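Please keep the sequence and coordinates at hand while reading.

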Amino acid sequence: MNPDQADATGPTDPSAPTGWPAGFFDRADPTDDADFYGAPRFVTHIDEGAITAVRDLYDELGVGGDVLDLMSSWVSHLRRAPERLTVLGLNAAELAANPMADERVVHDLNADPTLPFADASYDAALCCVSIDYLVDPVAVLAETARVLRPGAPVVITFSNRCFPTKAVHAWLDTDDAGRCALVADHLARSGGFAPARVERRTPSGRYRGDPLYAVVATRLEG
Ligand SMILES: C[S@@+](CC[C@H](N)C(=O)[O-])C[C@H]1O[C@@H](n2cnc3c(N)ncnc32)[C@H](O)[C@@H]1O
């Protein structure tokens, strides 16, 4: 799969992994995530070009209504506040500083992938530059499907930067195309989404900024 092309991909993608080797979701630092994220980081983790690409994508998809920003911080990269924004992450001070948030939930998804929300209670779920830190992404995405309304999108965006000691080996041991395939495969395995669309949202070729990739899928009906 070439993530530079806006082609659909999914479980039949030949480059998608079919089995997980031992240690696939291990990390160099397996200690409590709450400790690593205990001190607030009022920074942005991607450059302005990549952030603009995230904002443009959210606008294009019409993200609004009841929105859940998973693995969130002080910024959700939305141009306009939705009707209701729930932010879930690990650092209470970062979440408190998120100016658009209506509800703030400190919850460790690696300790418990269950989302503390009702079935079919959101119109969109977002996860920006964070999916690589999940040790059971399929369980979290199955939960994400549960809390989304039918037809609602899950929007997973990422670049080529991370906290390497906290990212899973599956993420570190491949390239950008492999990461796109991995996320599409996680969505397919979660069982709750239509085949994902994979896109590179920043220019390719000689582009010098942070690349921004998006994997988007919609919640299946019923
Ligand atoms: C690289 S930051 C990205 C923050 C934000 N999404 C953004 O776009 O700037 C990673 C975020 O993931 C959250 N996070 C990391 N591990 C987590 C976990 N186990 N459970 C819930 N959130 C987690 C942290 O609180 C942190 O804010």
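## Basis of the model

The model is predicted, with local features requiring pLDDT of at least 70 and side-chain atom pairs counted only at pLDDT 80 or more, while totals for chains, interfaces and linings use all residues. Residues are numbered from 1 along each chain as its sequence is written, and side-chain values use heavy atoms, leaving out hydrogens and water.

Helices (H or I, at least four residues) and strands (E, at least two) are DSSP runs, numbered from the N terminus. Strand β4 spans residues 124–128, and five of its five residues are buried (under 20% relative accessible area, with exposed over 50% and partly exposed in between; 1.4 Å probe, protein chains only). Cover is found on both faces: Ala124, Leu126 and Cys128 lie on one side, Ala125 and Cys127 on the other.

Two strands pair if DSSP finds at least two bridges between them. Strand β1 (residues 66–70) pairs with β4 in the parallel sense over four bridges, with Leu70 opposite Cys127. Strand β5 (residues 153–158) also pairs with β4 in the parallel sense over four bridges; here Cys128 stands opposite Thr157.

Nine of the eleven residues of α4 are buried, among them Pro137, Val138, Leu141 and Val147. The buried residues of α4 pack against β1, β4, β5 and α6 (176–190), where contact means heavy atoms within 4.5 Å.

Leu187 is in helix α6 and is buried at a relative accessible area of 1%. Leu187 touches Leu141, Val154, Ile156, Phe193, Ala196, Val215 and Ala217, leaving aside residues up to four places away in sequence. Its C-alpha atom is separated by 9.1 Å from that of Val215, 28 residues apart along the chain.

## Ligand site

The ligand is surrounded by 17 residues (one heavy atom within 4 Å). The closest are Asp33, Met71, His77, Asp108 and Leu109.

Polar contacts are pairs of N or O atoms within 3.5 Å; within protein, one must be able to donate a hydrogen and the other to accept it, and residues adjacent in sequence count only if both atoms are side-chain atoms. An N or O atom in the side chain of His77 is 2.9 Å from a ligand oxygen. A ligand nitrogen lies 2.8 Å from a polar side-chain atom of Asp108, and a polar backbone atom of Leu109 is 2.9 Å from a nitrogen of the ligand. The protein covers 98% of the 590 Å² of accessible area that the ligand has on its own (Shrake-Rupley method, 1.4 Å probe; for residues, only the protein chains shown count as cover).

## Loop residues

Most residues other than glycine have a negative phi. Met71, in the loop between β1 and β2 (84–89), has a positive phi of about 60 degrees and is partly exposed at 22% relative accessibility. Val129, in the loop between β4 and α4, has a positive phi of about 45 degrees and is buried at 15%.

Thr202 lies in the loop between β6 (197–200) and β7 (213–218) and counts as buried at 5% relative accessibility. A polar atom of its side chain lies 2.8 Å from the backbone nitrogen of Leu212.
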